[in-house]
Amino acid sequence: MAKSYRLGTARRSANVVMTAMIRLGIGGKSNYLLTTTGRKTGQPRTTPVTVLRDVGDRWLVSPYGVVGWVHNVRANPELSLRRGGTTERLRAVEAGPEAAGPVLQRYVQRAPITAPFFDAKAADPVQKFVDEAPRHPVFQLTGNVGSGASGP
């Protein structure tokens, strides 16, 4: 059975370190700071995420389930991704299970640290990830919104 996600002290500490690294533009090339609009407060909410690039598309995956940023993106799909001094304003479109399954499989293969949060294993057939997709929302990131990218 998949592990449940809990934002405890260790994870909070790791997020603080990752956030600082991403702001400086260091860390993995697929790590970004995701900023959404709080669905209740209307205030910006920022969290580190890993974006999957695959055949020209970019995907935002929630390996830990339906967490706060997922609710925010569902309420307002306009978001920003920041890495170093560059910020992109994008729109997120939620994928259905059939489209999400192959993305989830590639995500687990490329980010094995998230594997314990999935019942499906990296080598399993894609159908197991399709079956699991409702528990791990996947969003396709599309074109720039508003003024576009900024930075150096």
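This passage walks through a predicted protein model, from its overall make-up to a few of its residues.

The model is predicted, so local features are described at a pLDDT of at least 70 and side-chain atom pairs at pLDDT 80 or more, whereas totals for chains, interfaces and linings use all residues. Residues are numbered from 1 along each chain as its sequence is written, and side-chain values use heavy atoms, with hydrogens and water left out.

The protein averages a pLDDT of 88, and 87% of the residues score at least 70; pLDDT is the predictor's confidence in each residue, from 0 to 100. Over residues 147–152 the pLDDT is below 50, and this stretch has 11 contacts in the model beyond near neighbours in sequence. A contact means heavy atoms within 4.5 Å. Where pLDDT is low, the predicted coordinates should not be read in detail.

Four helices and six strands make up the secondary structure of the protein. Helices (H or I, at least four residues) and strands (E, at least two) are DSSP runs, numbered from the N terminus. Along the sequence the pattern reads α-β-β-β-α-β-β-α-α-β. Of contacts between residues at least 6 apart in sequence, 63% join residues at least 24 apart. The protein has 152 residues, and 38% of them count as buried. Here buried means under 20% relative accessible area, exposed means over 50%, and partly exposed lies in between (1.4 Å probe, protein chains only).

The interior comes next. In soluble globular proteins, nonpolar side chains tend to be buried together. A nonpolar core is a set of buried Ala, Val, Leu, Ile, Met, Phe, Trp, Tyr and Cys residues joined through side-chain atoms within 4.5 Å. The largest such core has 16 residues, of which Trp59, Val61, Val103, Leu104, Phe118, Phe129 and Val138 touch the most other members. E3 and H3 each supply at least two residues of this core, and the largest share, five residues, comes from H3. Another core, of 15 residues, lies apart from it and includes Tyr32, Val51, Leu90 and Ala92.

Three aromatic pairs are found in the structure. Rings of Phe, Tyr and Trp (its six-membered ring) pair if their centres lie within 6.5 Å; planes under 30 degrees apart count as stacked, over 60 as edge-to-face and the rest as tilted. One of the pairs joins tyrosine 64 and phenylalanine 117 edge-to-face, at 4.8 Å centre to centre and 90° between the planes. Tyrosine 64 lies in the loop between strand E3 (57–61) and helix H2 (68–75), and phenylalanine 117 in the loop between helix H3 (97–110) and helix H4 (126–132), so this pair ties together parts that are 53 residues apart in sequence. Tyrosine 64 is partly exposed at 23% relative accessibility, whereas phenylalanine 117 is buried at 9%. Phenylalanine 118 and phenylalanine 129 form a tilted pair, 6.3 Å centre to centre with 50° between the planes. This pair links distant parts of the chain, with phenylalanine 118 in the loop between H3 and H4 and phenylalanine 129 in helix H4, 11 residues apart. Phenylalanine 118 is buried at a relative accessible area of 1%, and phenylalanine 129 is buried at 0%.

Some polar residues complete the picture. Aspartate 54, in strand E2 (residues 44–54), is buried with a relative accessible area of 12%. The side chains of aspartate 54 and arginine 106 are joined by a polar contact of 2.7 Å. A polar contact is a pair of N or O atoms within 3.5 Å; within protein, one must be able to donate a hydrogen and the other to accept it, and residues adjacent in sequence count only if both atoms are side-chain atoms. Not counting residues up to four places away in sequence, aspartate 54 touches Trp59, Arg106 and Arg110.

Arginine 58 sits in strand E3 and is buried at 13% relative accessibility. The arginine 58 side chain makes a polar contact of 2.9 Å with the side chain of glutamate 88. Arginine 45, in strand E2, is partly exposed at 40% relative accessibility, and its side chain makes a polar contact with that of threonine 41 (3.2 Å).
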